[in-house]
Amino acid sequence: MNPEWPLILFTFFLCLSGGILGAQGLLTVLGKGKKMQNVALIAALATLVIGGICVFMHLQHWERIFNAFGALLAGNGYGVSGITLELWGCVVEFIAIALFFLFARRAEDGVAPKWAGILAIIVGLALPMVTGDSYLMPSLPTWDTPLLIVYYLTNTIFMGGLAALVIAGLTGDVEVRDFMVKTALVGAVAQLVIVLVYAIVINGSAATYSADIAFYFDPTLPDVPMVDRAAVVGSLLAGSNAVMFWLGAIIVGIIAPAAILWLGKGKDGQQLAVYAGGAGVCCIIGGIIWRVLLYSAAMHIFALF
């Protein structure tokens, strides 16, 4: 499949937004993160809006998405479609951010109550998982696995931890450093495991495609042979996409940012922001590359062309 850039950017920004919101919620529950609170909420909201704009670029009639609200209330089944759940998820995250901000403003110490932090954690982690669930479909075996949902979750934790460290460094909120470094490293290790397992599963999935189609001819494509299913799904580990996978998704996207973060774990202020920002850039590059590879290795269940 050709990469759908609006959807790639949409899932990326949603994971980033959910990660920032979840990280700030976790810090609030622990009684930390007061200095970075407002900046984190603004960053979570900004990335949520950007992600929402990206997904609209994928729709030919974007105005029809708002029918989802009526469909859910009507109970006709269309209210629980993938794109509808994504829309409702974005709305719920916006409400969670707004409640977090409003109750923080009302508090005498300027810190949101712990229940707002718990809500932020739940919403921040749930939205990327709901997004991943919307892409599970039997017609695309490469995507039709819970590993996709778990990947979005680990990517959310990894990027959220790195983004929180950047914000902490810029706002001088030193007390959150050690905990967020551990959070980001846990996310990195989890993402590394999931991506490797996911790639291995894809590599061995050729038999899941319809192999009983012995003959096929498309008069509009007379000189195009049938798809070599094993070559497509096997392209990640040792095929045409192996360099992009190992160098981009694994080394640049996971190992390098974890190493950079480890080197900068004792830094403060702007130095912390620089190290975490460099790790974040690597993580972003690797995350986008992996999303592109998920398109490259995806075929319809009837892999004819």
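**Helix packing**

Modeller: Helix 1 and helix 10 make a right-handed crossing. Helices (H or I, at least four residues) are DSSP runs, numbered from the N terminus. This is a predicted model: local features need pLDDT of at least 70, side-chain atom pairs count only at pLDDT 80 or more, and totals for chains, interfaces and linings use all residues. Residues are numbered from 1 along each chain as its sequence is written, and side-chain values use heavy atoms, with hydrogens and water left out.

Colleague: At roughly what angle do the axes of helix 1 and helix 10 cross?

Modeller: Roughly 135°, and the axes come within 10 Å. Axes are lines fitted to C-alpha atoms, for helices over the stretch in contact, and angles run from 0 to 180 degrees between N-to-C directions. The two helices are therefore oblique to each other. Under 35 degrees is roughly parallel, over 145 roughly antiparallel, 65 to 115 roughly perpendicular, and the rest oblique.

Colleague: Which residues of helix 1 and helix 10 meet?

Modeller: W5, L7, I8, T11, F12 and C15 in helix 1 meet I284, I288, R291, V292 and Y295 in helix 10. Contact means heavy atoms within 4.5 Å. By class, that contact has 9 nonpolar, 1 polar and 1 charged residues. Ala, Val, Leu, Ile, Met, Phe, Trp, Tyr, Cys and Pro count as nonpolar, Asp, Glu, Lys and Arg as charged, and the others, Gly among them, as polar.

Colleague: Is R291 buried or exposed?

Modeller: R291 is buried, with a relative accessible area of 3%. Buried means under 20%, exposed over 50%, partly exposed in between (1.4 Å probe, protein chains only).

Colleague: What is R291 in contact with?

Modeller: Leaving aside neighbours within four places in sequence, R291 touches I8, T11, F12, C15, Y151, Y152 and N155.

Colleague: New topic. How do helix 1 and helix 6 cross?

Modeller: The axes of helix 1 (residues 5-29) and helix 6 (residues 146-171) come within 7 Å and cross at roughly 60°. So this pair is oblique. The crossing of helix 1 and helix 6 is right-handed. By class, their contact has 10 nonpolar, 6 polar and no charged residues.

Colleague: How many residues of helix 6 are buried?

Modeller: 19 of the 26, so helix 6 is largely enclosed by the rest of the structure.

Colleague: What follows helix 6?

Modeller: G172, with a positive phi near 75°.

Note on methods. Left-handed = near helix turned anticlockwise from the far one by under 90°.
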